[in-house]
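I opened this structure to see what I could look up in it. These are my notes, in the order I made them.

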Amino acid sequence: MFLKNNSKIPLDKFINKVLYDKKKGYYMNNNPIGHKGDFITSPNISIMFSEMIAIWLVSFWEKIGYPKNINIIELGAGNGEMMFQILKTIKKFNKFISSSNFIIYEKSSYLKKLQKNKIKFENIKWINNLKKISKFPSIFIANEFFDALPIKQFINKDNNWYEKYIINKDRSLQFFEKKIKTRLIEKLIKQKIPKNQKFIEYSPLANEKLSTISKIIKKHNGGLLIIDYGYNDKKMFDTLQSIKKHKKNIFLENIYKADITHLINFDFFKQKIRNLEIDSVNLTTQREFLLKMGILERAEIISKSMPFSRKADIYFRIKRLIDKKQMGTLFKVLFATNKKNNFNLGF
Ligand SMILES: C[S@@+](CC[C@H](N)C(=O)[O-])C[C@H]1O[C@@H](n2cnc3c(N)ncnc32)[C@H](O)[C@@H]1O
């Protein structure tokens, strides 16, 4: 049984166990990405997505003065597709390649193995601790990384706050709300709760990562590019969901066999990053970012001499990425850097 009878754990501990338990965890035994999996991500829809990221990386490196040593770190690389395509795209940028230390920060040893099999490149390493990267300018890229981190939820009812738990009651898993003092929540989220906020979704782990990364950027320069689904609103909503075979799954069913995820509150992320003294934080939609990076022009070039069916496939995939009714606006791109860099390509 997942939990001992009549015992309970907070939501974030529950998610952590379901997704990352060393033996049974969803991400620890399984490649969930792709048509045969449970969900698909942008790099696995079109290689042009990763090409745009690669060009963006080279441009940023140029803008900060072609540093001779730079870390390019991907957070949570899944099946390795994005890094694989980035390395392919930059093949001709010799100076950039020889200046870059490519790094993947990955928790799942199963996915790490897939990544290592796919990416045959000399200058790449895998790390478990972000604090151990060399002290060079560092560019972090995170596609659907933050949505895979565990969250806590707090609900306000009649002016009392409750934290969401999962309880095993009479051998069945159920949600449970446990009273919590306001000051304990405020201590955790490191800010006062606005009066009209009746619901809070918060990831302690995301916050820890933002803090570590911001310190590195502040000290050694660089930036953080987050691409993820989410919303930009002061108000917080309950966005917790479980996904299996590309469809919503009943949350407390298929434990270890379905993904658990949530939407990023980008307004909250922006505030947090600014509080960490990173003074340039930009946000746009995936649609705007990819259009400004020239994804349509790139598609035109590569599909010029292709037969109609292949051309159609290329545009069909791009449409998935940029259409307002598909991933175009729900997915957002956040870029945090030091103002002095004066870099805003794609925004
Ligand atoms: C939703 S997948 C996204 C994969 C990939 N970026 C893509 O777009 O296809 C989340 C990835 O983050 C990794 N991950 C989750 N939590 C992590 C953590 N705390 N540290 C490092 N990697 C983590 C997962 O193992 C997985 O590779």
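**Helix H9**

I began with helix H9, residues 266-275, which is mostly covered: seven of its ten residues are buried. Buried means under 20% relative accessible area, exposed means over 50%, and partly exposed lies in between, with a 1.4 Å probe and protein chains only. Helices (H or I, at least four residues) and strands (E, at least two) are DSSP runs, numbered from the N terminus. I listed the buried residues of H9: Phe-266, Asp-267, Phe-268, Phe-269, Lys-270, Lys-272 and Ile-273.

Then I checked both ends. At the start of H9, a side-chain oxygen of Asn-265 comes to within 3.1 Å of the backbone nitrogen of Asp-267. After H9 comes Glu-277, with a positive phi near 70°.

**Ground rules**

I noted that this is a predicted model, where local features need pLDDT of at least 70, side-chain atom pairs count only at pLDDT 80 or more, and totals for chains, interfaces and linings use all residues. Residues are numbered from 1 along each chain as its sequence is written, and side-chain values use heavy atoms, with hydrogens and water left out.

**Positive phi**

Most residues other than glycine have a negative phi. Tyr-66 is not a glycine, yet its phi is positive, about 50°. I found Tyr-66 in the loop between helix H3 (47-63) and strand S2 (70-75). Tyr-66 is partly exposed, at 44% relative accessible area.

Asn-254 also went into the notebook, with a positive phi near 55° in a residue other than glycine. Its place is the loop between strand S12 (247-249) and strand S13 (259-261). Asn-254 is partly exposed, because its relative accessible area is 36%.

**The ligand**

Which residues come nearest to the ligand? Of the 22 residues around it, they are Tyr-20, Thr-41, Gly-76, Glu-106 and Asn-143. A residue counts as near if one of its heavy atoms lies within 4 Å.

Next I took the polar atoms. A polar contact is a pair of N or O atoms within 3.5 Å; within protein, one must be able to donate a hydrogen and the other to accept it, and residues adjacent in sequence count only if both atoms are side-chain atoms. A polar side-chain atom of Tyr-20 is 3.3 Å from a nitrogen atom of the ligand. A polar backbone atom of Gly-76 lies 2.8 Å from a ligand nitrogen. For Asn-143, an N or O atom of the side chain is 2.7 Å from a ligand oxygen. Taken alone the ligand exposes 600 Å², and the protein buries 98% of that. Accessible areas come from the Shrake-Rupley method with a 1.4 Å probe; for residues, only the protein chains shown count as cover.

**Tyr-26**

I moved to Tyr-26, in the loop between helix H1 (11-20) and helix H2 (42-45). Is Tyr-26 buried or exposed? Tyr-26 counts as buried, because its relative accessibility is 1%. Its side chain makes a polar contact with the side chain of Asp-38, at 2.6 Å. Contact means heavy atoms within 4.5 Å. Not counting residues up to four places away in sequence, Tyr-26 touches a set including Val-18, Pro-32, Phe-39 and Tyr-256.

**Asn-338**

Asn-338 sits in the segment after strand S16 (331-337). At 7% relative accessible area, Asn-338 is buried. I followed its side chain to the backbone oxygen of Ile-217, at 3.0 Å. Beyond four places in sequence, Asn-338 touches residues including Lys-218, Asn-221, Gly-222 and Asp-279.

Where is Lys-209 found? Lys-209 is in helix H8, residues 204-220. Lys-209 counts as buried, because its relative accessibility is 12%. Leaving aside neighbours within four places in sequence, I noted its contacts with Tyr-105, Leu-130, Phe-145, Phe-146 and Leu-149.

Lys-135 lies in the loop between strand S4 (124-127) and strand S5 (138-143). Lys-135 is exposed, because its relative accessible area is 63%. Lys-135 and Lys-68 are 67 residues apart in sequence and 12 Å apart in space, C-alpha to C-alpha.

**Ile-141**

My last entry is Ile-141, in strand S5. Ile-141 is buried, with a relative accessible area of 0%. Outside four places in sequence, Ile-141 touches residues including Ile-53, Leu-57, Ile-73 and Leu-225. The C-alpha atoms of Ile-141 and Leu-3 are separated by 35 Å.
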